[in-house]
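Please read the points below alongside the coordinates.

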Amino acid sequence: MTAAENVCYTLINVPMDSEPPSEISLKNDLEKGDVKSKTEALKKVIIMILNGEKLPGLLMTIIRFVLPLQDHTIKKLLLVFWEIVPKTTPDGRLLHEMILVCDAYRKDLQHPNEFIRGSTLRFLCKLKEAELLEPLMPAIRACLEHRHSYVRRNAVLAIYTIYRNFEHLIPDAPELIHDFLVNEKDASCKRNAFMMLIHADQDRALDYLSTCIDQVQTFGDILQLVIVELIYKVCHANPSERARFIRCIYNLLQSSSPAVKYEAAGTLVTLSSAPTAIKAAAQCYIDLIIKESDNNVKLIVLDRLIELKEHPAHERVLQDLVMDILRVLSTPDLEVRKKTLQLALDLVSSRNVEELVIVLKKEVIKTNNVSEHEDTDKYRQLLVRTLHSCSVRFPDMAANVIPVLMEFLSDNNEAAAADVLEFVREAIQRFDNLRMLIVEKMLEVFHAIKSVKYIPIVESEIKKEAGELKPEEEITVGPVQKLVTEMGTYATQSALSSSRPTKKEEDRPPLRGFLLDGDFFVAASLATTLTKIALRYVALVQEKKKQNSFVAEAMLLMATILHLGKSSLPKKPITDDDVDRISLCLKVLSECSPLMNDIFNKECRQSLSHMLSAKLEEEKLSQKKESEKRNVTVQPDDPISFMQLTAKNEMNCKEDQFQLSLLAAMGNTQRKEAADPLASKLNKVTQLTGFSDPVYAEAYVHVNQYDIVLDVLVVNQTSDTLQNCTLELATLGDLKLVEKPSPLTLAPHDFANIKANVKVASTENGIIFGNIVYDVSGAASDRNCVVLSDIHIDIMDYIQPATCTDAEFRQMWAEFEWENKVTVNTNMIDLNDYLQHILKSTNMKCLTPEKALSGYCGFMAANLYARSIFGEDALANVSIEKPIHQGPDAAVTGHIRIRAKSQGMALSLGDKINLSQKKTSI
């Protein structure tokens with residue numbers, strides 16, 4: 001273990017601008033100054049020793065003039081001083097002066113003040129010299145019987161540390177602590193004692209637990225947490241013990257402490273896969289989510305529930321708890337609601353889908369009554385999508401859902417209204433029996449629609465229904481006439497009957513308002529709708545006079561709209577595209593050719609049908625892939641593993657959850673490395689200096705989630721001793737150096753490891769640069785300097801593939817202001833290969849479905865999406881083609897447009913793509 005990896009107990013802030021005081025002035029302050037002067041001098045001594053100064057002449061001065069003082073601040077500083085000061089001679093023997101120090105601390109361990117006793121015991125945990133500790137053992141033992149709990153609990157810690165490091169000093173420690181634990185009443189002391197027994201003598205810890213297993217619920221939460229850890233470790237190592245302790249874990253699920261409940265539920269799931277155990281743990285998780293106010297806690301516990309769902313056997317148990325899970329929707333946080341709805345949707349089955357829909361309908365009504373909040377619209381949109389998914393998966397529910405969703409069409413929330421319309425379009429195509437209901441509801445809300453974007457879709461739905469009202473055998477004019485009349489009358493009243501509006505603007509019918517505002521796209525859509533209805537009417541009604549009358553009325557409306565568009569009444573004139581569209585519709589109606597009839601009334605609907613079926617197929621395919629991932633495939637000839645028959649050494653190879661969580665907290669998460677872990681680690685080593693430099697340096701760059709650890713190997717290649725060898729680093733980009741590495745002294749041809757932490761704040765290409773400065777021992781020259789090569793931080797460590805809907809992609813594309821256009825420059829000749837190469841090198845996910853990319857037509861367009869761990873979105877549009885006129889071996893050409901919210905993200909991704917292209921073209 002290198003010096004850089006030793007555990008650091010004490011962190012001291014050092015003011016950089018102050019000049020280091022001389023040893024003589026410090027000695028004078030320590031000898032003759034008052035308490036305040038001695039305190040300041042002692043602080044300066046500590047800082048100088050931390051910076052590498054030895055100061056041996058001050059040791060006896062501090063023992064004589066500072067150690068006898070009873071001031072609490074000085075006593076605290078002395079604890080730090082004795083921790084860091086060198087206590088041995090160069091040959092490893094203990095300094096004689098330390099005997100005096102040892103005697104002073106023996107007196108402190110018998111001091112009447114409990115704070116001094118307790119802090120001295122804490123200090124003894126950090127001592128690594130057995131000769132210093134040996135004379136203090138009787139006093140440490142005596143502290144176990146002190147009246148104050150602060151002293152007793154620190155005495156337990158001191159005994160545990162000494163037993164772990166120097167067992168010969170106190171060989172009977174486990175027995176001593178066991179007896180102490182039996183008679184102890186304070187929760188914190190019991191916790192420390194029990195923790196020691198777990199690590200020092202697990203059998204004694206189990207014996208104690210067996211005697212009080214029925215009283216576990218009455219213990220304090222800190223002790224309960226340690227008991228959960230012990231039970232987990234025992235059952236992990238020896239599965240036959242499960243039956244003995246599982247009842248205790250069940251009882252701890254009822255603990256008053258949320259932390260204990262969380263750990264107990266996690267332990268219960270790992271110890272037993274019985275449905276009752278899974279149900280109890282899941283119920284405990286749900287209660288925690290509802291009762292905890294911290295949204296981060298809610299999200300963490302929700303993740304545990306989602307992990308439970310991933311197991312096929314557990315999923316069935318969780319399906320019965322869907323209604324309990326939906327109680328979490330009472331949380332106002334959008335992210336929590338989003339995860340909850342997704343989890344409920346994954347678990348819903350035909351047994352409880354009806355109850356789910358009822359709850360979601362109530363939530364929809366609640367959002368209407370709530371005062372507008374920034375997340376209310378997004379939540380409403382989430383509810384719409386969830387109801388949509390329920391209706392698609394369970395068609396019987398569609399009739400209950402549609403009336404509720406229709407109310408959203410008149411809502412100000414455009415996103416929710418758009419989702420409703422997409423659902424209605426799908427429903428009217430797939431569910432024949434609901435068409436009348438949908439059209440009836442649509443006509444009710446049509447006049448209240450406030451957004452121009454959705455009227456074209458609504459009109460196309462109404463038109464579709466009009467087309468479907470023709471039975472094959474019974475041709476009845478009545479219902480068709482009625483429907484068309486409703487539509488026609490409404491359009492006539494709202495399109496433009498008079499040349500100038502007489503009412504105030506706010507009293508205008510919506511459709512007329514849109515036209516006068518210059519939104520003529522809705523007029524083009526109205527023209528298409530009228531054309532389709534007129535063509536259908538001509539096919540249904542045989543009487544020529546009625547046919548002509550209806551077609552003429554439709555043509556009149558279109559012509560009137562054209563005149564309005566070209567007049568000075570609207571705020572914006574009609575566009576050429578809309579004029580062309582309306583003129584085309586007029587021409588179609590004037591000719592009424594069978595070909596146009598087929599195109600308008602059959603081909604259009606078939607195209608929609610193909611699109612919806614392709615979308616459904618894609619969703620089923622993705623669901624199938626997900627289920628395949630979750631299903632554990634077991635071959636018929638695989639050996640069956642019986643836990644009871646498994647050897648202990650095989651059991652130990654399984655992952656210890658407590659150890660894993662500790663590693664994750666320390667940032668040492670074990671990532672899945674490549675097939676050859678050594679090779680993958682060597683890939684991250686960066687050479688910082690040349691082989692001929694006096695100091696050779698190379699760095700291993702270890703990227704954690706929010707920080708980077710640089711492990712720099714420094715080698716002295718000279719025959720001189722290098723003093724104050726310091727690694728000086730600076731950063732460029734959104735990186736921040738956490739602490740300055742401390743200086744080292746390197747013997748001739750010696751080496752050392754220096755660690756430096758760099759904080760990362762956003763996804764941006766960062767550069768770490770710097771130099772190594774040192775003094776040569778005995779030389780009178782200035783400080784020497786070796787400039788280091790730059791270390792480039794790869795943003796790919798922070799970018800992860802993600803998914804979003806087409807609507808969300810378009811919305812983000814419009815909102816993001818930073819764009820980076822990268823020209824394709826590669827020697828790859830296949831479009832699909834190039835796309836896959838870009839996906840691999842940028843960690844992005846292709847949103848364009850495979851069907852749209854399949855086949856070969858000489859060009860390709862695809863949308864890519866990724867999200868960083870900091871929550872930043874990155875979008876890319878790949879537009880590439882293969883120039884056919886240059887032959888079959890022509891390289892791919894085109895552009896990649898990247899959009900992001902921040903400039904750094906857009907530029908960094910562009911640089912990454914350019915770099916990967918260069919690699920392929922070598």
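1. Five cavities of 30 Å³ or more are present in this predicted model. The largest cavity holds about 60 Å³ of space.

2. Which residues line the largest cavity? The lining consists of Trp 82, Lys 87, Met 98, Val 101, Cys 102, Tyr 105, Phe 123, Leu 124, Leu 127, Leu 132 and Leu 136. Helix 5 (97-108) and helix 6 (114-124) each contribute at least two residues to this lining. Helix 5 gives the largest share, with four residues.

3. Helix 20 (residues 334-347) spans 20 Å from its first C-alpha to its last over 14 residues, close to the 20 Å expected at 1.5 Å a residue. At its start, a side-chain oxygen of Asp 333 comes within 3.3 Å of the backbone nitrogen of Glu 335.

4. Buried residues in helix 20 include Leu 334, Val 336, Thr 340, Leu 341 and Leu 347. Arg 337 is also buried, and its charged end sits over the ring of Tyr 379, 3.8 Å from the ring centre. A second contact of this kind involves Arg 164, whose charged end sits over the ring of Tyr 160 at 5.1 Å from the centre.

5. There are seven aromatic pairs in the structure. One of them, Phe 809 with Trp 813, is stacked, with 5.9 Å centre to centre and 20° between the planes. Why are these two residues about one helical turn apart? Phe 809 and Trp 813 lie four residues apart in helix 36 (residues 806-815), so about one helical turn separates them. Both Phe 809 and Trp 813 are buried.

Definitions and conventions: Residues are numbered from 1 along each chain as its sequence is written. This is a predicted model: local features need pLDDT of at least 70, side-chain atom pairs count only at pLDDT 80 or more; totals for chains, interfaces and linings use all residues. Side-chain values use heavy atoms; hydrogens and water are left out. Rings of Phe, Tyr and Trp (its six-membered ring) pair if their centres lie within 6.5 Å; planes under 30 degrees apart count as stacked, over 60 as edge-to-face and the rest as tilted. Buried means under 20% relative accessible area, exposed over 50%, partly exposed in between (1.4 Å probe, protein chains only). A charge sits over a ring if NZ of Lys or CZ of Arg is within 6 Å of the ring centre and within 35 degrees of the ring normal. The expected span of a helix is 1.5 Å times one less than its number of residues. A polar contact is a pair of N or O atoms within 3.5 Å; within protein, one must be able to donate a hydrogen and the other to accept it, and residues adjacent in sequence count only if both atoms are side-chain atoms. On a 1 Å grid over the protein atoms alone, a cavity is a set of points where a 1.4 Å probe fits but cannot get out, and a pocket is an open set with protein on both sides within 12 Å along at least five of seven lines; lining residues have an atom within 4 Å of a point. Grid points are joined across faces, edges and corners, and a volume is the space filled by probe spheres set on the points.
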